[in-house]
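Reader: I have a model open and want to learn how to read it. Where do we begin?

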Amino acid sequence: MEDCLFCKINQGDIPSEKVYDGEDVFAIEDINPQAPVHLLIIPKKHFSTLLEIEESDFQLIGSIFGVANQLAAERKIDQSGFRVVGNCGAGAGQSVFHIHYHLLGGRAMKWPPG
Ligand code: AMP
Ligand code: ZN
């Protein structure tokens, strides 16, 4: 999609190192990390918000959690604990309208989140 930050990063129009690059999903370091490990796991298909996910996308979306487990193990936060977060809509803090899941770890997490 035109004028979408994560579509442009995926296509290489905006430089950003992919720390994971699969067929349907890629991951990058968050530019403003909120924890020692803060990655963004992003489907290559453009969805503006989580509300656009349909049943035919369930396999793709499920694969994101496999990538999260793999990256958590690589970054050695799998045993200490990590969080996978998807913000849906501006009210939940979504600022980039191409869906992504934050993978956060490497420090103690509080609940409820702010
Ligand atoms: P959200 O607020 O849930 O939509 O998350 C968007 C995330 O994208 C934020 O954590 C930003 O720090 C991050 N972000 C924005 N621009 C970039 C970029 N160019 N490269 C990597 N992360 C980015
Ligand atoms: Zn996009």
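Author: We take the metal site, then the nonpolar cores. Keep in mind that this is a predicted model.

Reader: Which residues are the protein donors of the zinc ion (ligand 2)?

Author: Cys4 and Cys7 donate through SG. His46 and His98 donate through ND1. These donors lie 2.0 to 2.3 Å from the zinc ion.

Reader: How do I read the geometry?

Author: Start with the ideal. Four tetrahedral donors at a metal have ideal angles of 109.5 degrees. Here the 4 donor atoms make angles of 105 to 116 degrees, and the site is tetrahedral.

Reader: How are the donor residues spaced in sequence?

Author: The pattern is C-x2-C-x38-H-x51-H. Distant parts of the chain are linked: Cys4 sits in the segment before α1 (5-11), and His46 in the loop between β3 (37-43) and α2 (58-74), 42 residues apart.

Reader: Is Cys4 buried or exposed?

Author: Cys4 is buried, because its relative accessible area is 5%, and buried means under 20%.

Reader: Now the cores. What is the general idea?

Author: Nonpolar side chains tend to be buried together in soluble globular proteins. In this model, the largest nonpolar core has 17 residues. Val25, Ile41, Ile61, Ile64, Leu71 and Leu103 have the most contacts inside it.

Reader: Which element gives the most to this core?

Author: α2, with 7 residues. At least two residues each come from β2 (25-29), β3, α2 and β5 (101-105). A separate core has 7 residues, including Phe6, Ile9, Leu40 and Val96.

Reader: What is Leu103 in contact with, beyond its neighbours within four places in sequence?

Author: Its contacts include Val37, Ile41, Leu71, Ile77 and Phe82. His38 and Arg83 are also among them.

Methods: Residues are numbered from 1 along each chain as its sequence is written. Chains are lettered from A and ligands numbered from 1 in the order in which they are written. This is a predicted model: local features need pLDDT of at least 70, side-chain atom pairs count only at pLDDT 80 or more; totals for chains, interfaces and linings use all residues. Side-chain values use heavy atoms; hydrogens and water are left out. Donors are N, O and S atoms within 2.8 Å of the metal (3.2 Å for Na, K and Ca); water is not among the atoms, so sites may look incomplete. Four donors count as tetrahedral if all angles lie between 85 and 135 degrees; four count as square planar and six as octahedral if opposite donors are over 155 degrees apart and all others between 65 and 115; anything else is irregular. Helices (H or I, at least four residues) and strands (E, at least two) are DSSP runs, numbered from the N terminus. Buried means under 20% relative accessible area, exposed over 50%, partly exposed in between (1.4 Å probe, protein chains only). A nonpolar core is a set of buried Ala, Val, Leu, Ile, Met, Phe, Trp, Tyr and Cys residues joined through side-chain atoms within 4.5 Å. Contact means heavy atoms within 4.5 Å.
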